[in-house]
Structure formats: structure tokens, C-alpha cells
Amino acid sequence: MAIEFNNEYISIVMEGNLSSAEEIKSFLDDSNEACNIRMPVVVLDMKNVKEINSTGIAKILKLYKNLQSLKVKLFMTNLDDSIKPTIKSLMLFSLIKYFDSPDDFKV
């Protein structure tokens, strides 16, 4: 995972799935760093995530909750078709606004 800085927001770019302990630990580290940076917006770029489990979903929700407490908005982009139905069925889009592409994102 990597954190990319933009003028008005930061992106957490996922470099793999959210289904193993190592991947989730890496996501947690980046999530904590994103919370500490305190930009007004965080974009979760899911372009490389093809698989996600319940622990991965729980960690995304924890990030959302942490950012909400800091008054930071969380957005998602680049969801793969393999995980989009899962995210949709859990109604995460009601909490986290989704954009098909980072180019569509405007702060």
C-alpha cells in the first residue's frame, strides 16, 4: 500500500487484496498514517483489490469511523467488478461515496 499526496486530498492506494493478515496489517498502517496527516479528504483507491474478506471490510469501516471523528471525508474509487457486488450488498456506498475513476473526483 502507498499513500499519495494530492493538492486537496490524500489517496491510500491498495497494492493488493484485503484478505490476508499481512495485507490487512499493511492497510491498517496506512490507515493510521492517513488519520495522522489530517487532510480534509482521504480517497481509498481500490484498483488492485480483487478479493476482500469480512476483516478487510471491518478495517475499512474502522478507517471510516476514525476519519469521521476527525471530520475527514472518505471516498472510494476504482472498485474491481469482482468485489463491487459485495461492497454494494453491504451498503457501504451509503457511508462512503464512490467514484469510478479518480478523474471524476472533485473536492
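Predicted model: local features only at pLDDT ≥ 70, side-chain atom pairs only at ≥ 80, totals over all residues.

Biologist: OK, and how many cavities of 30 Å³ or more does a search of the whole structure find?

Modeller: The search turns up 1 cavity of that size. As for the space in the largest cavity, the figure is about 30 Å³.

Biologist: Which residues line the largest cavity?

Modeller: The lining is made of L28, S31, N32, C35, K62, L63 and N66. Two elements give two or more residues each to that lining, namely α1 (21-37) and α2 (54-69).

Biologist: And what does the lining look like by class?

Modeller: There are 3 nonpolar, 3 polar and 1 charged residues in the lining of the largest cavity.

Biologist: While we're on helices, where does I24 sit?

Modeller: I24 is in helix α1. Its relative accessibility is 6%, so I24 counts as buried, the cut-off being under 20%.

Biologist: What separation do you get between the C-alpha atoms of I24 and L79?

Modeller: Those two C-alpha atoms are 17 Å from each other, and I24 and L79 are 55 residues apart along the chain.

Biologist: Switching to the sheet. What's the strand order?

Modeller: The order is β1-β2-β3-β4-β5, with 5 strands in an open sheet and mixed pairing.

Biologist: Which strands stand at the edges?

Modeller: β1 (2-5) and β5 do. Each has a single partner strand, so one side of each has no neighbour in the sheet.

Biologist: And by how much are neighbouring strands turned against each other?

Modeller: On average by 25°, if you ignore direction.

Biologist: In what sense do β3 and β4 pair?

Modeller: That pairing is parallel, with 5 bridges between β3 (residues 41-45) and β4. A landmark here is D45, which has T77 of β4 opposite.

Biologist: Now aromatics. How many aromatic pairs does the structure hold?

Modeller: It holds 2 aromatic pairs. One of them is F75 with F99, a tilted pair at 5.7 Å centre to centre, with 50° between the planes.

Biologist: Which strands do F75 and F99 lie in?

Modeller: F75 lies in β4 (residues 73-77) and F99 in β5 (residues 97-99), so the pair ties together parts that are 24 residues apart in sequence.

Biologist: Is that F75 ring buried or exposed, and what about F99?

Modeller: F75 is buried, with a relative accessible area of 13%. F99 counts as buried too, at 14% relative accessibility.

Biologist: So which residues form the other pair?

Modeller: F93 and Y98 do. Their pair is tilted as well, at 5.2 Å centre to centre and with 35° between the planes.

Biologist: How does F93 count by accessibility?

Modeller: F93 counts as partly exposed, with a relative accessibility of 26%.

Biologist: Great, thanks. I'll go and look at those spots in the viewer.

Conventions: Residues numbered from 1 in each chain as written. Heavy atoms only, no water. Phe/Tyr/Trp six-rings, centres within 6.5 Å; stacked < 30°, edge-to-face > 60°. Helix = DSSP H or I, 4+ residues; strand = E, 2+ residues; numbered from the N terminus. Buried < 20%, exposed > 50% of the residue type's maximum accessible area, 1.4 Å probe, protein only. 1 Å grid on protein atoms, 1.4 Å probe; cavity = no way out; pocket = protein on both sides within 12 Å on 5 of 7 lines; lining within 4 Å. Points joined across faces, edges and corners; volume = space filled by probe spheres on them. Nonpolar A, V, L, I, M, F, W, Y, C, P; charged D, E, K, R; others polar. Pairing = 2+ DSSP bridges. Axes fitted to C-alpha atoms, helices over the stretch in contact; angles between N-to-C directions.
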